[in-house]
Amino acid sequence: MSRRGDWVYENNGGTCVAIAGADYCVVAADTRLSVGYSILTRDHSKICDLADKCVLASSGFQGDIKALQKNLAARELLYQHQHNKRMSCPAMAQLLSNTLYYKRFFPYYAFNVLGGLDSEGKGCVFTYDAVGSYERTGYSAQGTGSTLIMPVLDNQLKSPSPLLLPVRDAVTPLSESEAIDLVKDVFASATERDIYTGDKLEIVVINKAGTMREYIDLRKD
């Protein structure tokens with residue numbers, strides 16, 4: 001992972017959050033792209049549409065993130081031609097895990113949250129590490145502001161332990177509008193403390209009606 005003693009990866013910052021509900025999923029990310037104390041752009045989307053009612057939000061090294069998104073888009077297109085349908089969100093979750101694990105010895109420096117609807121129309125969120133380990137949860141955060149946001153989400157949403165029997169659905173009890181308001185609140189708070197998160201917030205809401213996008217301003221300093 002090193003070349004001539006230099007670290008080949010660069011963390012371009014940013015924060016991604018996803019919350020799953022009974023019939024919706026909210027995925028959000030800020031639009032700041034930075035290196036160290038320098039802001040490269042204030043209007044860079046970290047959210048990518050991948051499959052049927054399924055979006056990917058990524059934080060980390062933008063070169064690797066773009067390569068990963070291009071790889072997944074090509075594999076999804078092959079799936080469409082072979083099966084004559086779009087890939088489902090759980091299927092894309094498994095494909096993303098396989099793709100990351102395949103590169104585990106020189107991994108994509110990308111920390112991903114995949115959100116969407118499953119085949120039953122329920123919201124689903126899959127959270128990943130850099131080498132493909134993943135879990136379906138009710139909510140997740142990745143990126144430089146995740147350590148500020150996750151304690152708030154844990155406090156507000158606390159999903160039951162997956163070890164409890166019988167197994168309960170990994171969805172949050174919030175309504176769609178409540179989840180959107182919570183996402184706005186946690187980002188407004190994280191922006192006050194994390195210099196790599198800011199400028200604008202992109203919110204994608206996925207439900208049975210389709211996919212909707214909303215933008216709100218964050219701190220720009």
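**View 1. Arg-213 and Glu-202 form a salt bridge in this predicted model.** The closest N and O atoms of Arg-213 and Glu-202 are 2.8 Å apart. This pair links distant parts of the chain, since Arg-213 belongs to strand E14 and Glu-202 to strand E13, 11 residues apart. Arg-213 is partly exposed, with a relative accessible area of 36%, whereas Glu-202 is buried, with a relative accessible area of 2%. Side chains of opposite charge can pair when their charged atoms come close.

**View 2. Lys-200 and Asp-43 meet through their side chains in a salt bridge.** The distance from N to O in this pair is 3.5 Å. Lys-200 is partly exposed, with a relative accessible area of 24%, and Asp-43 counts as exposed, at 53% relative accessibility.

**View 3. Arg-219 is joined to Glu-192 by a salt bridge.** The closest N and O atoms of Arg-219 and Glu-192 are 2.6 Å apart. Here too the pair links distant parts of the chain, with Arg-219 in the segment after strand E14 (210-217) and Glu-192 in helix H4 (residues 176-193), 27 residues apart. Arg-219 is partly exposed, with a relative accessible area of 35%, and Glu-192 is partly exposed as well, with a relative accessible area of 47%. A search of the whole structure finds 13 salt bridges.

**View 4. Strand E4 (residues 24-30) is largely enclosed by the rest of the structure.** This description holds because seven of the seven residues of E4 are buried. In a regular strand the side chains alternate between the two faces of the sheet. Both faces of E4 are covered, with Tyr-24, Val-26, Ala-28 and Asp-30 buried on one side and Cys-25, Val-27 and Ala-29 buried on the other.

**View 5. Strand E4 pairs in the antiparallel sense with strand E3 and runs antiparallel to strand E13.** E3 (residues 15-20) and E4 are paired over five bridges, and the two strands form a hairpin with three residues between them. Within this pairing, Ala-18 has Val-27 of E4 as its bridge partner. Seven bridges join E4 to E13, where the bridge partner of Tyr-24 is Asn-207.

How values were computed:
Residues are numbered from 1 along each chain as its sequence is written. This is a predicted model: local features need pLDDT of at least 70, side-chain atom pairs count only at pLDDT 80 or more; totals for chains, interfaces and linings use all residues. Side-chain values use heavy atoms; hydrogens and water are left out. A salt bridge is a side-chain nitrogen of Lys or Arg within 4 Å of a carboxyl oxygen of Asp or Glu. Buried means under 20% relative accessible area, exposed over 50%, partly exposed in between (1.4 Å probe, protein chains only). Helices (H or I, at least four residues) and strands (E, at least two) are DSSP runs, numbered from the N terminus. Two strands pair if DSSP finds at least two bridges between them.
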